[in-house]
Amino acid sequence: MAQIVGALTSSHVPAIGRAIAKNLQQDPYWKPFFDGWAPVHRWLAERRPDVAVIFYNDHGLNFFLDKLPTFAVGAAPQYRNEDEGWGIPQVPVFEGDLDLSWHLIESLVADEFDITSCQEMVVDHAITNPLQLMYPDQAWGVRIVPVCINTVQFPLPTARRCYALGEAVGRAIRSWDSDARVVVLGTGGLSHQLDGQRAGFINKDFDLAFLESLEHDPRWATQYSIHELVEKAGTQGVELLMWLAARAALGDGVKTMHRNYHIPISNTASGLMLLEPAA
Ligand code: DHB
Ligand code: FE
């Protein structure tokens, strides 16, 4: 059976793609952010995952307000990055893993999650950022299976539901008849708000409490409603639902291998966490 080797959760910001394109990794603004990824590179070289299941939120590239599934799973042979309007170069195509995609879809539907299956899917900075940060030479070391959670159009799924989705995805991966090594990614958050009167809002105390909870009390954030999460983390801070789902996929006990927190990157409190299942 397939093995989950770890969960890697990180923020995403279009400006990261621009900084990579302009080689700004050593620039004083960017260095504390990019330096946070060095331990992840060592971990990837050691653990060598074959596939990444990626909890992410699309920002209007693949889905728009006219048709917006709450949960969607990619089942495409390949995933292309397209222009989102930020003026950032596109990255090479990502290879999918059809066998895992359909296993996940069948397993989730049997588990009573009414997901949308997508045999075509274009992917935005929520997917390109973490993969570029993991593989700076853009020779992607993993095939991918995107799992999209709506954080764009209200009503959003509750934190409790996203946690349950993550648990179901974890069960599905562990029951996949394959010897693949799987890493689970969660991309989004932490606190940020891009619009309205609170534009620029960041909540360090909440972010640090959330990071802490993922190791010792992973259901902590599920006590909050979506509106409470918006209040505490900002309108776009609700993207932390991706971290929650990725954490849930690991199961009960975890150990923290690495974490980094840096404020701000653009308007975002950027966080990075690497977890392994406890032995
Ligand atoms: C920013 C953050 C995001 O999560 C996003 O999707 C777009 C922009 C930002 O801070 O600029
Ligand atoms: Fe975002």
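Predicted model: local features only at pLDDT ≥ 70, side-chain atom pairs only at ≥ 80, totals over all residues.
## Basis

Local features need pLDDT of at least 70 and side-chain atom pairs pLDDT 80 or more, while totals for chains, interfaces and linings use all residues. Residues are numbered from 1 along each chain as its sequence is written, chains are lettered from A and ligands numbered from 1 in written order, and side-chain values use heavy atoms, without hydrogens and water.

## Ligand 1 site

An oxygen atom of ligand 1 is 2.8 Å from a side-chain N or O atom of His192. For the side chain of Glu239, the distance is 3.2 Å. Asn267 uses its backbone: an N or O atom there lies 3.1 Å from a ligand 1 oxygen. The protein covers 94% of the 290 Å² of accessible area that ligand 1 has on its own (Shrake-Rupley method, 1.4 Å probe).

## Helix α9

Helix α9 (a DSSP run of H or I, at least four residues) spans residues 241-249. Nine of its nine residues are buried, so the helix is largely enclosed by the rest of the structure. Buried means under 20% relative accessible area (1.4 Å probe, protein chains only). Trp243 and Arg247 are among these buried residues. Just after α9, Gly251 takes a positive phi of about 90°.

## Ser270

Ser270 is found in strand β11, residues 268-277 (a DSSP run of E, at least two residues). Ser270 counts as buried because its relative accessibility is 4%. Beyond neighbours within four places in sequence, Ser270 is in contact (heavy atoms within 4.5 Å) with residues including Ser11, Phe33, Tyr261 and Ile265.

Conventions
Buried < 20%, exposed > 50% of the residue type's maximum accessible area, 1.4 Å probe, protein only. Polar contact = N/O pair within 3.5 Å; in protein donor to acceptor, adjacent residues only side chain to side chain.
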